[in-house]
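Reader: I have a new structure to look at. Could you walk me through it, one question at a time?

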Amino acid sequence: MISIKDIVRAKTHFDNEVIRETPLQYCDFLSKKFWAKIYLKREDQQIVRSYKIRGAYNFISSLWEKEKEKWVVAASAWNHAQWVAYVCNKLQIKWTIFMPKTTPNQKVRKTKKFGGDFIDIQLVWDNFDEAYSASVKYCDEHGAVFVHPFDDEKVIAGQGTIALEVLEQIGNKEIDYFLVPIGWGGLISWISTFVKSLAENTKVIGFEPTGSPDFYQSYKKWEIVSIDKVDVFADGVAVKTPWKKTFQIVKKLVDDIKLVEEGLIWKYLLDTIDDAWIILEPAWALSIAWLEKVKNEIKWKTVVCILSWWNFDLTRLPEVKERALKYEGLKRYFIIKFPQRPGALRDFLNLLWENDDIVFFEYMKKHSKQSWPALVGIETHEKENFKQLIARFEKNNIDFEDITDTDMFEMLIM
């Protein structure tokens, strides 16, 4: 187990030009919405947009000179590569990174940019697990030093400095909830280690999406559980199996682990852009989304959420909006078979509510038949409107099929 002294010692290793003391921001938008005091720890304002540079720097800067001369090795599907590259470049340490061949080119280029002349990138196999195995084999063969992304005591201690900063920044205020997304379990391990050492009454709650519940299931069964299938929409926390060291800490110190459905995550990812001007990856909207489900429980409480990884592809915003509206019940897609006669479309439009909006309409009339199909997307302001609209369709013998909850919806928005 990591001690509080390890975390304090890690903070003394930091170079202020590499590791920033990020702000603890009071979020007016969320605080007013939930009648609570919501604070956001803005790790997205680190130079590489991620809290994980703390652990990488603590590990690498702690190496003996002879170890640094050997060679440093890491494995990554992207994020870990970025912060290790930056640290090794700053400390002028040669290193090799093993990345899957499937890693997007722009991510490989950015890793090269951060690493400069000190980086050697090896593209191997198709996924992280295989790249990880290749990196471990390389270390065994060449006597190199492996930088683990999370399952290492110095890495964990480095990340724990987030909690140290939060408690210093919040002053005399008592924190009721510390909310942390869970991927491999590293972040919540080091935060719970520090928080529980100084503030036993603070509840540390972890979060996973419903499509990646490996820690949730393991926590409930009190033993490590692997899941067969992982949804990767929140790729920052898409993990099949918890790691042993981090799970042992989570099992001992974390108060609870919650699941958050995908639609709610999309909704709050969009809300934080619109109302707080903060761009998050889906993984980092998890804890904010959970506030919606426990708004009565957190009323008048002080809550801290960790934000990190501004690594979101802005071209996905239209998809985010579609998924958020679907979750809220404000948008649906229908296949409507219109009778082949003048005025059929006008009759259909007369069935809509005044504030309903047709946001998608597409058909292709290839021949003369008694009816022809059209794909129609309708957006409304009140989800109850759709129940009454469908009742109107049925009463007026409209030939329709609601495809919103089918695979066809996925084809439309991707």
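Reader: What share of the contacts with a separation of 6 or more joins residues 24 or more positions apart?

Author: This is a predicted model. Take the contacts in the chain with a separation of 6 or more. Residues 24 or more positions apart account for a share of 74%.

Reader: How many helices and strands does the chain have, and what share of its residues is buried?

Author: The C-alpha trace spans about 85 × 50 × 40 Å along its principal axes. The secondary structure comes to 17 helices and 14 strands. Of the 414 residues in the chain, the buried share is 53%.

Reader: How far does H9 reach from its first C-alpha to its last?

Author: H9 has 13 residues. At 1.5 Å a residue, 18 Å is expected. The reach in the model is close to that, at 19 Å.

Reader: Which residues have the most contacts inside the largest nonpolar core?

Author: Nonpolar side chains tend to be buried together in soluble globular proteins. Here the largest nonpolar core has 73 residues. A second, separate core of 30 residues includes Phe 14, Val 18, Val 72 and Ala 85. In the largest core, those with the most contacts are Leu 30, Leu 40, Phe 178, Leu 179, Leu 187, Ile 191 and Val 304.

Reader: What does Phe 178 contact, leaving aside its neighbours within four places in sequence?

Author: Phe 178 is one of the residues with the most contacts inside the largest core. Its partners include Ala 163, Val 166 and Thr 202. Also among them are Ile 191, Val 195, Val 304 and Ile 306.

Reader: Does the ring pair of Phe 334 and Phe 400 count as stacked, tilted or edge-to-face?

Author: The structure holds 24 aromatic pairs. In this one, the ring centres are 6.2 Å apart. The planes stand at 70 degrees, so the pair is edge-to-face.

Reader: How far apart in sequence are the parts that this pair ties together?

Author: Phe 334 is buried, at 0% relative accessible area. Phe 400 counts as partly exposed, at 22%. Phe 334 lies in strand S11 and Phe 400 in strand S14, so the parts tied together are 66 residues apart.

Reader: Which ring lies under the charged end of Lys 299?

Author: Lys 267 has its charged end over the ring of Tyr 268, 4.4 Å from the centre. For Lys 299, the distance from the ring centre is 5.7 Å. The ring is that of Trp 35.

Reader: Which are the edge strands of the open sheet of four strands?

Author: The order is S5-S4-S3-S6, with parallel pairing. Strands S3 and S4 pair over four bridges. Val 73 stands opposite Thr 96 in S4. Two strands pair on one side only, so the edges are S5 and S6.

Reader: What is the distance between the end C-alpha atoms of helix H14?

Author: Among the buried residues of H14 are Val 320, Arg 323 and Leu 325. They pack against helix H12, strand S11, strand S13 and helix H17. Gly 329 follows H14, with a positive phi near 75 degrees. The 12 residues of H14 should span 16 Å, and its ends agree, at 16 Å.

Note on methods: Residues numbered from 1 in each chain as written. Predicted model: local features only at pLDDT ≥ 70, side-chain atom pairs only at ≥ 80, totals over all residues. Heavy atoms only, no water. Expected span 1.5 Å × (residues − 1). Buried < 20%, exposed > 50% of the residue type's maximum accessible area, 1.4 Å probe, protein only. Contact = heavy atoms within 4.5 Å. Core = buried A, V, L, I, M, F, W, Y, C linked by side-chain atoms within 4.5 Å. Phe/Tyr/Trp six-rings, centres within 6.5 Å; stacked < 30°, edge-to-face > 60°. Lys NZ or Arg CZ within 6 Å of the ring centre and 35° of its normal.
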